[in-house]
Amino acid sequence: MVLKEKVVKILKAMLLSRMVDEKMGKLVRQNKGATFQLSAAGHEMAGVVAAQNLLSGKDWGFPYYRDQPFAVGLGSDLVEIFGAFLARKTKYHSSGRMMPGHFSCKPLRMPCQSSVVGSQYLQAVGLALSRKLAGETDVVYVSGGDGSTSQGDFHEALNFAGIHQLPVIFSIQDNGFAISVPAHEQTSGGSIVSVAKGHIGVAVFEAEGTDFESVDAAFSAAVARGRAGEGPSVVVTKVPRLAAHSSSDDPLKYQTKEQLEEGKARDPLVTIKAFVLEKGFLNTEEITQLEKSSFQEVEEAAAQADLLPYPDIETALDNVYAPSNQEETVLIPLSEEKIVMMDAINHAIDEEMATNPGIIVFGQDVARGKGGVFGITKNLTSKYGEQRCFNTPLAESTIIGVSIGMSLDGLHRPVAEIQFADYLWTGINQLFNELSSFYYRSNGEWNCPVVIRMPTGGYIQGGPYHSQNIEGFLSHCPGLMIAYPSNAADAKGLLKWAMRNPNPVVFLEHKALYRQQKFSARPEPDADYVLPFGKAAVVRAGTDITVVTWGMMVLYAVDAAEKLAAEDISIEVLDLRTIIPFDKEAILTSVQKTGKVLILQEAAKTSGFGAEIAALIAENAFQYLDAPLVRIGAEDTPVPYSKLLENRVLPQPAQIEAALRKLAQY
Ligand SMILES: Cc1ncc(C[n+]2csc(CCOP(=O)(O)OP(=O)(O)O)c2C)c(N)n1
Ligand SMILES: [Mg+2]
């Protein structure tokens, strides 16, 4: 594109974005259906010039909430932008689910943005890895403010992008404030530039956000570098924030009038117009004409958006989970010989990798001969190559954030490992705030088929940090699916279903069951066997008491039931197999039959998943109960290391038997 054409396009997009902001500000002040605005005034040049250096529809963008100029510069429909601002039914930008300024548009390759400052970086990096693995030459743009660079995810993303030399352009729009916090309280040294330069393999460019040539030079160099496969870049652009942080903020609480005036003197619209005049690309009259037509365009878009319908109320419940078409298949054992659960899990992944080239395994220590600290992914690297089973840095947020990004273009299905469920917490934001709700908050536009495997559970003297059971926490996160198998056959079938379904799954694997022979080892199902989530198994039928349980506790329940059968107490053991969704019908049917129930969980008792089951029964089967329901869980303490102490805390067989006897006598 010749320079004149490019600069005029940039001026037009900058004008449009500014006028959209001004119109939105008016609508908020007039109370015209909009309650909140994040103005991008002052940031226009950084976002628009970046967009103009990309190939719209080919390259990818993760613009943050103040990067409307990027979204406009890339070609977003203004009616849709106003529609999202007014929380109307729109095709893109979430259809009333996200607050204004959260962009999402599949044709423009802009995945749905969350409100969490800084979590976009790892997702952009994951997507860039997916594109690179697929041999594509797209580049991935991701933006954020100066405040966002304080987040660990930003630094994790630079590290990962550097290791893999990914085509990512990190655009940092440095306006010197994060709401009210000034740069010197935010970043050691006052700027992220020197820190970013410390990342080997990452190029750093600095630009003045009011100087077209400086911004354009930075982005064109960064894009060229990414396109040529030379690796990631950071572009730090100094920009003024000409408006308040948001429509709820008053900058006079933390800035003087003089400081605000100083900012206004650095208006990029003034400098771009001066540049256009100086170069003779347009004369004053032509600029005025362009301003008039842009104003008209913005007014018309706002008026059209106001005619859009509101979302239908009942759609609030739609798109929590993407539909899965994987039906249950018949279990045909490969032979009579039993295999242990860890081998069943390995075989499930191996078989899916063999048939689906999109499956990529990664995590800490998972590659090559080690195959994770439990050896579950052993030899997958030698079989499928370094690109399909690789180690990640020791960073859980990276593992989950990268998984999200990798899943977004539909080419890859990450099957990631978190080394111990106890260490999920350093990555929990990417799971809880990002992965689980991607489908819902984009109103079904983007889905993330990601499986995250986690060894879990106690009884192995793992102490407080290798014994946790976290299914109760995870069950309180709409959008996630959770499996917690008790035996090899279920583990294989459930994991294969998980790897073929379109939703994010947490797959909990009890460490004490990996090699368990007596109960958990089973004849191996053949490669076609899949077990859909949400179907409990009646492990043992009975008539006097129902035990509802899952994971390792299934073994204890079956042992207790066998023992008590000799005392003429007939116990039905229900293995939930999956926590979300869980089989409500099977629980209620069994409780109706027996009239007595023990809910048995390994996790600490208070607010565990057992409490949810108790509530289900109390709400729906109270009239069938012949005794108060009983719950057993661990003590409400962390799990201590000493076997003596661990036994005191975790549920024990004698305790379970005693509770069942007491229930039988009630
Ligand atoms: C993780 C997180 N913490 C806090 C917030 C609330 N918050 C929203 S924007 C913001 C300031 C961000 O500043 P910066 O990254 O510099 O971007 P700017 O708004 O200045 O463009 C804060 C604290 C949030 N959204 N996410
Ligand atoms: Mg800022």
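I worked with a predicted model in which local features need pLDDT of at least 70 and side-chain atom pairs count only at pLDDT 80 or more, while totals for chains, interfaces and linings use all residues. Residues are numbered from 1 along each chain as its sequence is written, and chains are lettered from A and ligands numbered from 1 in the order in which they are written.

**The sheet**

I looked up the strand order and found an open sheet of 5 strands, β1-β2-β3-β7-β6, with parallel pairing; strands are DSSP runs of E with at least two residues, helices are runs of H or I with at least four, and both are numbered from the N terminus. Two strands pair if DSSP finds at least two bridges between them. I noted that β1 (60–62) and β6 (203–208) each have a single partner strand, so one side of each is left without a neighbour in the sheet. I then followed β6 to β7 (residues 233–238), which pair in the parallel sense over 6 bridges, with V234 in β7 as the bridge partner of V204.

**The ligand shell**

I counted 14 residues around ligand 1, the closest being V117, G145, G147, S148 and A178, where near means a C-beta atom, placed from the backbone, within 6 Å. The elements that give two or more residues to this shell are β2 (140–145) and β4 (177–178).

**Helices α13 and α19**

I found that α13 (residues 341–355) and α19 (residues 488–500) pack at about 25 degrees with their axes 8 Å apart; axes are lines fitted to C-alpha atoms, for helices over the stretch in contact, and angles run from 0 to 180 degrees between N-to-C directions. That makes α13 roughly parallel to α19, since angles under 35 degrees count as roughly parallel, over 145 as roughly antiparallel, 65 to 115 as roughly perpendicular and the rest as oblique. Among the residues that meet here are I345 and A348 in α13 and L495 and M499 in α19, contact being defined by C-beta atoms, placed from the backbone, within 7 Å.

How values were computed:
Two residues are in contact if their C-beta atoms, placed from the backbone, lie within 7 Å.
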